[in-house]
Amino acid sequence: MGHNNHRARRRLITLAAAAAGALALLPVAATAQGEAWPARQLKLVVPFPAGGSTDSVGRLLAAELSKELGQTVVVENKGGANGNIGSDMVAKAPADGYTLLLSGVGSNAISYSVYKNMPYRNSDFAHISLLATGPNVLVANNEFPGKTFAEFIKLTRENPGKYTHASSGSGSSGHLAMEMLEQAAKIDLVHVPYKGGAAAITDMIGGRVSVMFLNQDTLLPQVRSGKLRALAVASAKRNPAYPDTPTVAESGYPGFSAESWFGLSAPANTPPAVIQKLNQATVKALSSAEIRQKLESVGFVVVADDPKSFSAFVEAEIAKWGKAAKASGAKLD
């Protein structure tokens, strides 16, 4: 009997070794301390104050990621310097997968060109996934004589320096989107920067400024109620929330694009297994009907991609906005 026992035991050991080998192949994310990740609460830094569109995207994502990861993801709002303060906090946080950033076009692309002293670089981040994009929309006030994008181009070309364009601030995506259009269409408008989108919208509706580029979600209520007129959207394809508004690209400027976007990023050197797990969780979170419905209802296009694609996208954005910023001469301290 002893001989058979010995054989059975040897077989069990072989099976156990095989099982352990198979387990080792599973993508279980582990941190340097060897604990399975995530073993505790995660923090998602939203580098803008509570209440804005960036904040709402962050909160939707945090709720879904909590379900996917089995750990609470808390949102921490850290506003200031167009998103740079919160982004810097994450750039300098431990690279253990417990501090994440809701990255965006301002703090992760435009800022590098418009701020003289940037406290962080793109190489300080590991980019996980692009979440959603939304176009800047070119709107005119109701007194503006140009009723279409073509008429807007004709008027501004024939009257250089006569018309004004508002923006939510110098170096904002709306300011630089107009800069790109001025270069492409050879037109010249006078820039009127405001402290934020709300003040710019008020003066637009009051007829004090002619046109402006601003994010599609912010402008949607004004366009739907007829207080402002949408002339064009700055995405490659037409936007579902603005189905009748042509793109700048289809209106004679192929390749023109000025979109705001949100992504999920972590400090550089976060373990690849953790990045992979976060990416899988994010892709699943973005397939949730609730997130899609909420984002799409205000004109966001939901994108879920992989770290490699998102990193390449960020590089391209830094180059594109950098060119516009250089031409505009926009500089912030």
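Which residue forms a salt bridge with Lys92, and how far apart are the closest N and O atoms? In this predicted model, where local features need pLDDT of at least 70, side-chain atom pairs count only at pLDDT 80 or more and totals for chains, interfaces and linings use all residues, the partner of Lys92 is Asp88, with the closest N and O atoms 2.5 Å apart. Residues are numbered from 1 along each chain as its sequence is written, and side-chain values use heavy atoms, with hydrogens and water left out.

The secondary structure of the chain comprises 11 helices and 10 strands, these being DSSP runs numbered from the N terminus, with H or I and at least four residues for helices and E and at least two for strands. Of the 333 residues in the chain, 50% count as buried, where buried means under 20% relative accessible area, exposed means over 50% and partly exposed covers the range in between, with a 1.4 Å probe and protein chains only. The accessible surface of the chain amounts to about 15,200 Å², and carbon and sulfur atoms contribute 56% of this surface; the areas come from the Shrake-Rupley method with a 1.4 Å probe, and for residues only the protein chains shown count as cover. Among the contacts in the chain with a separation of 6 or more, 77% are between residues 24 or more positions apart, a contact being defined by heavy atoms within 4.5 Å.

By the rule applied here, the count of salt bridges comes to 12, each being a side-chain nitrogen of Lys or Arg within 4 Å of a carboxyl oxygen of Asp or Glu. Side chains of opposite charge can pair when their charged atoms come close. In the pair of Lys92 and Asp88, Lys92 counts as exposed at 56% relative accessibility, whereas Asp88 counts as buried at 17%. A further salt bridge joins Lys67 to Glu64, with 3.1 Å between the closest N and O atoms; both residues belong to helix 2 (residues 53–69), where they are three residues apart, about one turn of the helix. Here Lys67 is exposed, with a relative accessibility of 58%, while Glu64 is buried, with a relative accessible area of 8%. Glu250 and Arg238 form another salt bridge, in which the closest N and O atoms are 2.7 Å apart. Both Glu250 and Arg238 are located in the loop between strand 8 (228–233) and strand 9, 12 residues apart. Glu250 is partly exposed at a relative accessible area of 45%, and Arg238 is also partly exposed, at 40%.

Most residues other than glycine have a negative phi, and most peptide bonds are trans. A cis peptide bond joins Trp37 and Pro38, with omega about 0°, and Pro38 is found in the loop between helix 1 (2–25) and strand 1 (42–46). Asn82, a residue other than glycine, has a positive phi near 55°; Asn82 is found in the loop between strand 2 (73–77) and helix 3 (84–91) and is partly exposed, with a relative accessible area of 40%. Asn269 likewise has a positive phi, of about 70°, although it is not a glycine. The loop that holds Asn269 runs between strand 9 (259–267) and helix 9 (272–285), and Asn269 is exposed at a relative accessible area of 72%.

Within strand 9 lies Ser265, which is buried, with a relative accessible area of 0%. The side chains of Ser265 and Ser103 are joined by a polar contact of 2.8 Å, a polar contact being a pair of N or O atoms within 3.5 Å in which, within protein, one must be able to donate a hydrogen and the other to accept it, while residues adjacent in sequence count only if both atoms are side-chain atoms. When residues up to four places away in sequence are not counted, Ser265 touches Leu100, Leu101, Ser103, Ala126, His127, Ile128 and Phe310.

Asn215 is placed in strand 7 (residues 211–215) and counts as buried at 19% relative accessibility. Apart from neighbours within four places in sequence, Asn215 is in contact with Pro135, Asn136, Ser173 and Ser260. Ala316 is placed in helix 11 (residues 307–328) and is partly exposed, with a relative accessible area of 47%. Ala316 and Ala109 are 207 residues apart in sequence, and their C-alpha atoms are 8.9 Å apart in space.
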